[in-house]
Amino acid sequence: MSAKEVIDSVTMKRALTRMTYEIIERNKGLDDIVLVGIKTRGIYLAKRIAKRMAQLEQVTVPVGELDITLYRDDVHRSGKSEPTVNGSDLPVSITDKHVVLVDDVLFTGRTTRAALDALMEIGRPKQISLAVLVDRGHRELPIRADFVGKNIPTSREEQIEVSVEEIDQHDGIAIEKIE
């Protein structure tokens with residue numbers, strides 16, 4: 001497999017900044033906003049959005065971490081052993097808040113569905129929005145992102161690899177052909 005970088009670190013930063021502005025504009029302020037990153041890379045993207053919000057609006061937006069392992073509908077079918085919970089961490093109650101779920105890639109919609117199930121067990125948000133760095137298409141469920149960094153059409157024989165500095169020592173988005 002060979003990966004081809006399609007988005008560099010500068011373009012990725014611009015996309016996240018644009019998403020941040022869109023979240024602020026559509027919500028007319030940040031009073032009831034809670035950012036919740038879906039493990040793993042969604043957490044780092046949510047933290048970056050919150051940092052940019054603080055720079056722009058001088059408001060600290062809470063950032064939570066959501067582990068959806070137990071809620072995935074493909075865990076037991078894949079022949080894996082019982083799923084483990086790596087832990088979710090929400091610093092504030094999400095009840096009556098506007099939760100913005102943050103993930104790196106939106107593909108079939110199944111990860112988002114699992115995240116919605118997990119959130120509803122934790123609390124009762126007033127509203128839930130979805131922010132994704134990349135929407136690659138191929139939805140299997142009626143789920144769409146409210147905030148999208150980049151639309152990158154792909155074939156089912158390709159996968160999107162998002163790299164974040166915090167884990168991968170560089171930022172970027174690559175397409176990799178599955179052989």
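Q: What makes strand S2 and strand S4 a pair, and in which sense do they run?
A: In this predicted model, strand S2 (residues 33–38) and strand S4 (residues 98–106) share five bridges in the parallel sense. Two strands pair if there are at least two bridges between them, so five bridges qualify S2 and S4 as a pair. One of the bridges can be looked up by residue: Leu35 has Val100 of S4 as its bridge partner.

Q: Which helices pack on the sheet, and which strands do they touch?
A: H1 packs on the sheet and touches S2, S4, S5 and S6. The direction of H1 makes about 155° with that of S6. Helix H3 (residues 110–122) also packs on the sheet, with S2, S3, S4 and S5 as the strands it touches; the direction of H3 makes about 155° with that of S4.

Q: Why are S3 and S6 called edge strands?
A: The sheet is open, with five strands in the order S3-S2-S4-S5-S6 and parallel pairing. Strand S3 (63–66) and strand S6 (147–151) each pair on one side only, which is what the name edge strand expresses. Neighbouring strands here are turned by 25° against each other on average, direction ignored.

Q: How do you know whether Leu133 is buried or exposed?
A: Leu133, found in strand S5 (residues 127–135), has a relative accessible area of 1%. Buried means under 20%, so Leu133 is buried. Leaving aside neighbours within four places in sequence, the contacts of Leu133 include Met12, Ala15, Leu16 and Met19, as well as Leu45, Val162 and Ile173.

Q: What is known about how H1 and H2 cross?
A: The axes of helix H1 (residues 9–27) and helix H2 (residues 41–57) come within 9 Å, crossing at roughly 60°. The crossing of H1 and H2 is right-handed. Among the residues making the contact are Met12, Leu16 and Met19 of H1, together with Leu45, Ile49 and Met53 of H2. By class, this contact of H1 with H2 has 10 nonpolar, two polar and three charged residues.

Q: Where does the label "PRPP-binding" come from, and what does the span look like?
A: UniProt lists residues 99–111 as "short sequence motif: PRPP-binding", in an unreviewed entry. In the model, the end C-alpha atoms of residues 99–111 lie 16 Å apart, and the span is 15% helix and 62% strand.

Note on methods
Residues are numbered from 1 along each chain as its sequence is written. This is a predicted model: local features need pLDDT of at least 70, side-chain atom pairs count only at pLDDT 80 or more; totals for chains, interfaces and linings use all residues. Side-chain values use heavy atoms; hydrogens and water are left out. Axes are lines fitted to C-alpha atoms, for helices over the stretch in contact, and angles run from 0 to 180 degrees between N-to-C directions. Helices (H or I, at least four residues) and strands (E, at least two) are DSSP runs, numbered from the N terminus. A crossing is left-handed if the near helix is turned anticlockwise from the far one by less than a right angle, and right-handed if clockwise. Contact means heavy atoms within 4.5 Å. Ala, Val, Leu, Ile, Met, Phe, Trp, Tyr, Cys and Pro count as nonpolar, Asp, Glu, Lys and Arg as charged, and the others, Gly among them, as polar. Buried means under 20% relative accessible area, exposed over 50%, partly exposed in between (1.4 Å probe, protein chains only). UniProt positions are given in the numbering used here, feature names are shortened, and annotations may be inferred rather than shown by experiment.
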